[in-house]
Every structure is written in C-alpha cells, then in structure tokens.
Amino acid sequence: MTTVQLNLVVIRAEDIDRAAKFYSILGLEFHKHRHGTGPEHCASETGGIVFEIYPPKQGESSAGTRIGFQIPSIDAVIAGLEAAGARIISPATDSPWGRRAVIADLDGHRVELTEPH
C-alpha cells in the first residue's frame, strides 16, 4: 500500500509578485516558472511540498482556501506580515499544537501559523 502525501498547494493572487513577497516573510523562497503555454507563476518548494501562486483565471478565486504553515517564531513573523498588510483574524495564543494565529493575506486567504512547543 502506498502512503498518500500532500505535495502541491496552489493559490490564486491578483498580483503574484506581491503575494510571493508577502509569503517570503514566512521564510519561503520563490522562483518564477511557466509550464508550456501556461501563465507565469511563482513557486516555492519546502519539505517536499510545492507552494505555487498563480494569477486568477477569469472568475476564479481561491480566497476560500485555508492554508497553514509551521514557523519558528510567530511573534516575529506576525509583525512583518502586519506591516505588509495582513489582517489578524485570531491573535497568537497557546494551544495544544503550540502557539497559533490566523491571518488573512492580501488576497483574502486565511493562513494559520503554528509555532511548535
């Protein structure tokens, strides 16, 4: 039996460069890609998972998608994200999974941040 493993997450953003700069605050490093005749997009790979930011297709949005990142220091990252325009949905609090916060990115995606114990 094969083990299932998540390896790709794609979100849509009106300005892919702005979104990549925003997510770079988390420590992600992005590179521009284009597959065949498809649109240019930004991609980051970490821990075997590719996180891509594509421009939206007509009438398409991924704003309802909730994504999560485990990061080394929530307080340091949240300050940078707020300065970049993030909206705090749930401030950083302690939970059974570690310190946790939820923010909204510049395109409305809810992003859960977790700092392990």
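A polar contact, in this tour, is a pair of N or O atoms within 3.5 Å, where within protein one atom must be able to donate a hydrogen and the other to accept it, and residues adjacent in sequence count only if both atoms are side-chain atoms. The model is predicted, so local features need pLDDT of at least 70 and side-chain atom pairs count only at pLDDT 80 or more, while totals for chains, interfaces and linings use all residues. Residues are numbered from 1 along each chain as its sequence is written, and side-chain values use heavy atoms, with hydrogens and water left out.

**Start at Y54**

Select Y54, which is found in strand β4; strands (E, at least two residues) and helices (H or I, at least four) are DSSP runs numbered from the N terminus. At 13% relative accessibility, Y54 counts as buried, a word that stands for under 20% relative accessible area, with exposed meaning over 50% and partly exposed in between (1.4 Å probe, protein chains only). Now show the side chain of H41 as well, and you will find a polar contact of 3.4 Å between it and the side chain of Y54. Leaving aside neighbours within four places in sequence, the residues in contact with Y54 include V10, I11, R12 and H35, contact being heavy atoms within 4.5 Å.

**The sheet around β4**

Next, colour the strands β1-β4-β3-β2, which in that order make an open sheet of four strands with mixed pairing; two strands pair if DSSP finds at least two bridges between them. At its edges lie β1 (8-12) and β2 (31-33), each of which pairs on one side only. From one strand to the next the twist averages 30°, where axes are lines fitted to C-alpha atoms, for helices over the stretch in contact, and angles run from 0 to 180 degrees between N-to-C directions. Zoom in on β1 and β4 (residues 49-54), which pair in the parallel sense over five bridges, and pick out I11, whose bridge partner in β4 is I53. Then select helix α1 (residues 16-24), which packs on this sheet and touches β1, β2, β3 (41-46) and β4, its direction making about 140° with that of β4.

**Across to the other sheet**

Which strands make up the other open sheet, and in what order? Here four strands run in the order β5-β8-β7-β6, and their pairing is mixed. The edge strands, each pairing on one side only, are β5 (66-70) and β6 (87-95), and the twist averages 15° from one strand to the next. Select β5 together with β8 (residues 110-115): these strands run parallel and are joined by five bridges, and R66 has R110 as its bridge partner in β8.

**Finish at helix α2**

Finally, select helix α2 (residues 74-83), where I74, V77, I78 and L81 are buried. Viewed down the axis of α2, these buried residues fall within an arc of 100°, so they line one face of the helix, the arc being that of the directions from the helix axis to the C-beta atoms. Their cover includes α1, β6, β7 and β8, whereas the face turned away from the buried side carries the exposed residues A76 and A83. After α2 comes G85, whose phi is positive, near 110°.
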